[in-house]
Amino acid sequence: MPGQKDQLRTWWKESSVYQIYPASFQDSNGDGIGDLKGIISRVDYLKELGVDIVWLSPIFKSPQIDMGYDVSDYRDIHPPYGDLSDLDALRDKLHERGMKLVLDLVMNHTSDQHEWFRESRKSKDNPYRDWYIWRPPRYDAQGNRQPPNNWESHFQGSAWEYDEATDEYYLRLFALEQPDLNWENPAVRRACHDVTRFWLDRGADGFRIDVINFISKDQRFPNSDRAFLKGAEYYACGPRLHEYLQELGAILKEYDAFSVGEMPCVNDERELIKAVGADRGELSMIFHFEFMDLDHGVEGKFSPKETSLDEVRKTANKWQRFMYDNNGWNALYLENHDQPRAISRFASDAPEHRVASAKLIAAFMAFQAGTPFVYQGQEIGMTNVPKDWTMEEYQDIDCLNHWNLRKDSADEATKAALKVEYQKKSRDNARTPMQWDDTAHGGFTPADARPWMRVNDNYPQINAAAQVRDPDSVYAAYREVLRQRKARKDIFVYGDFAAVNVEAHDDKVLAYTRTAANGDAALVVCNFSAEAVSWAFEGTGAPPREVIFSPTGKTMADVAGNNVELGPYEAITLLL
């Protein structure tokens, strides 16, 4: 197994990433929709936070059925966001400050309004027909038309959409307006490679690549035996996936570009390491989903399940150790545009615990081995939507499809239970507009404008303006954690990882150590409970010698002896 000195050193390992959801970040023109000029106006805020890479969720032309993850033109900008000159201006402003620009590429599927698909659906002999996945119907014993197989869409229902004009179905793993591309066709791969080069040549520094592990499908298209998301076992890491990723990786390597691939529905480490192994030539890192699935119940995402700290501890240890031992790399994230807010999910958003919880999340996440991803608003401790919001406030197509399939047949108790899960897990939790100040709409859009989505009601208490100059704020904690990570990169970027008491079944405290090749080491201790705890320094290998991060201002006087007292949701990081 590779040791500490074998770790590949590269700029993107030492970087941190800030994800922007363009529609919700900053509106510059009063139309209620965030835009590129709005992002440009906030670049110095990001620079001061200490992030190195800015990743924009999709900005390409789109009908916005799925908030831009349905692309109708890969080489142009969605008009409400601005135009190509605005993107060039943002690129330049970031580069002038030593920051990099990462774009979101969606290449598993397009919009049904993309010219490729418009051609494809015209006739069975159209030159673009084979750019998508078309199959004839099946018929049951009674002669009823059926989809080609029983695969299910991630947005509820069948993964196949019938097209009457040509009497065939097309595959769409997401919305019916998002037909899947056929990567078996070399022309499709060339077109996707051309798009990749187009943006790299224009000055993009890399990509986040949407559901990239879905691009290779088992060409037998067999029926599935899975209980949920039927078919995922036949496309989540299909037979030609790594061949396709190596073709893409060769282009990325040519430009020394950053890449992070989203890879849901895969828990097999052997498949994932193929995508990110240092010698594989595929991707820089991937988003795996094991953390994100911990609270999914037996009937999928919107069914209840409590997450134990034991599960969090063992999942963290699994991926930290596996990537380190196999010369891979982790993308560290606890929230993004598809996930609820981390403090609401993994800690507590109760008013008395919210600030401590947000700082705890910062330390727990960013001091692990990997590249940390901060999602807009995470750095000020934004929370899930209020529990009293009605279904009329929700916008997420996944959530709404789930509700619409059940609302008419479910009893009141079931509907109430579903609403509890939506408030916990809907993607809308991350998509409420950024809370900049305590003015109307949180400063996201002018007071007389109507934001595309309602701002979370807690913006007077949680906003950036109140935090950027406050040394005790959540923003200040994130800035300090990112600074320490960079200042002590031999420990926090390239150092080894070891969970402390991984088998102890402690339901309150999670701790781990990071150790550099020269023996320098740090200890991160996180109290994930609403109770004060006394934690003993056992099994850490060495006594603490310096406090390097303490949101409550602890000094070595507070850790003298064999233990440290931690308040509710308090974290501390120490040099050993």
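This is a predicted model: local features need pLDDT of at least 70, side-chain atom pairs count only at pLDDT 80 or more; totals for chains, interfaces and linings use all residues.
User: Let's start with the five-stranded sheet, what is the order of its strands?

Analyst: The order is 16-17-18-22-20, and the sheet is open, with antiparallel pairing.

User: And which are the edge strands?

Analyst: Strand 16 (496–500) and strand 20 (546–549) are the edge strands, each of them pairing on one side only. On average, and with direction ignored, neighbouring strands of this sheet are turned by 25° against each other.

User: How many bridges join strand 16 to strand 17?

Analyst: Strand 16 and strand 17 (residues 509–515) run antiparallel and are joined by five bridges. Along this pairing, D496 stands opposite T515, and A499 stands opposite Y512.

User: Is strand 17 largely enclosed or left open, and why?

Analyst: Strand 17 is largely enclosed by the rest of the structure, because six of its seven residues are buried.

User: Which helices lie on that sheet, and what do they touch?

Analyst: Helix 9 lies across strand 16 and strand 17 and runs at about 160° to strand 16. Helix 11 (residues 354–366) also packs on the sheet, where it touches strand 17, strand 18 (521–527), strand 20 and strand 22 (571–575), and its direction makes about 145° with that of strand 18.

User: Switching to helix 8, which of its residues are buried?

Analyst: In helix 8 (residues 269–276), the buried residues are E271, L272, I273, A275 and V276. The elements that cover them include helix 7 (241–254), strand 13 (285–287) and helix 9 (309–325).

User: What caps the N-terminal end of helix 8?

Analyst: D268 is the cap, with a side-chain oxygen 2.9 Å from the backbone nitrogen of R270. At the start of helix 12 there is a contact between D396 and D398, in which a side-chain oxygen of D396 reaches to within 3.0 Å of the backbone nitrogen of D398.

User: While we're on helix 12, which residues are buried and what do they pack against?

Analyst: I397, D398, C399, H402 and W403 are the buried residues of helix 12 (residues 397–406), and they pack against helix 13 (412–425).

User: Now the aromatics, how many pairs does the structure hold?

Analyst: The structure holds 36 aromatic pairs. One of them joins Y45 and W436, whose ring centres are 4.9 Å apart with the planes at 75°, so the pair is edge-to-face.

User: Where do Y45 and W436 sit in the chain?

Analyst: Y45 is in helix 3 (residues 43–49), while W436 is in the loop between helix 14 (428–431) and helix 15 (474–487); the two are 391 residues apart, and the pair links distant parts of the chain. Both Y45 and W436 are buried.

User: Which residues form the aromatic cluster?

Analyst: One aromatic cluster is formed by W151, F155, W160, F174, F214, F221, Y234 and Y235.

User: Which charged ends sit over rings?

Analyst: The charged end of K100 sits over the ring of W11, 4.7 Å from the ring centre, and that of R145 sits over the ring of Y162, at 3.6 Å from the centre.

User: Last topic, the three-stranded sheet: what is its order, and why is one side of each edge strand left without a neighbour?

Analyst: This open sheet has the order 6-10-9, with antiparallel pairing. Strand 6 (134–135) and strand 9 (160–163) stand at its edges with a single partner strand each, so one side of each has no neighbour in the sheet. Strand 6 pairs with strand 10 (residues 168–171) in the antiparallel sense over two bridges, and W134 stands opposite Y170 in strand 10.

Terms used:
Residues are numbered from 1 along each chain as its sequence is written. Side-chain values use heavy atoms; hydrogens and water are left out. Buried means under 20% relative accessible area, exposed over 50%, partly exposed in between (1.4 Å probe, protein chains only). Helices (H or I, at least four residues) and strands (E, at least two) are DSSP runs, numbered from the N terminus. Contact means heavy atoms within 4.5 Å. A polar contact is a pair of N or O atoms within 3.5 Å; within protein, one must be able to donate a hydrogen and the other to accept it, and residues adjacent in sequence count only if both atoms are side-chain atoms. Two strands pair if DSSP finds at least two bridges between them. Rings of Phe, Tyr and Trp (its six-membered ring) pair if their centres lie within 6.5 Å; planes under 30 degrees apart count as stacked, over 60 as edge-to-face and the rest as tilted. A charge sits over a ring if NZ of Lys or CZ of Arg is within 6 Å of the ring centre and within 35 degrees of the ring normal. Axes are lines fitted to C-alpha atoms, for helices over the stretch in contact, and angles run from 0 to 180 degrees between N-to-C directions.
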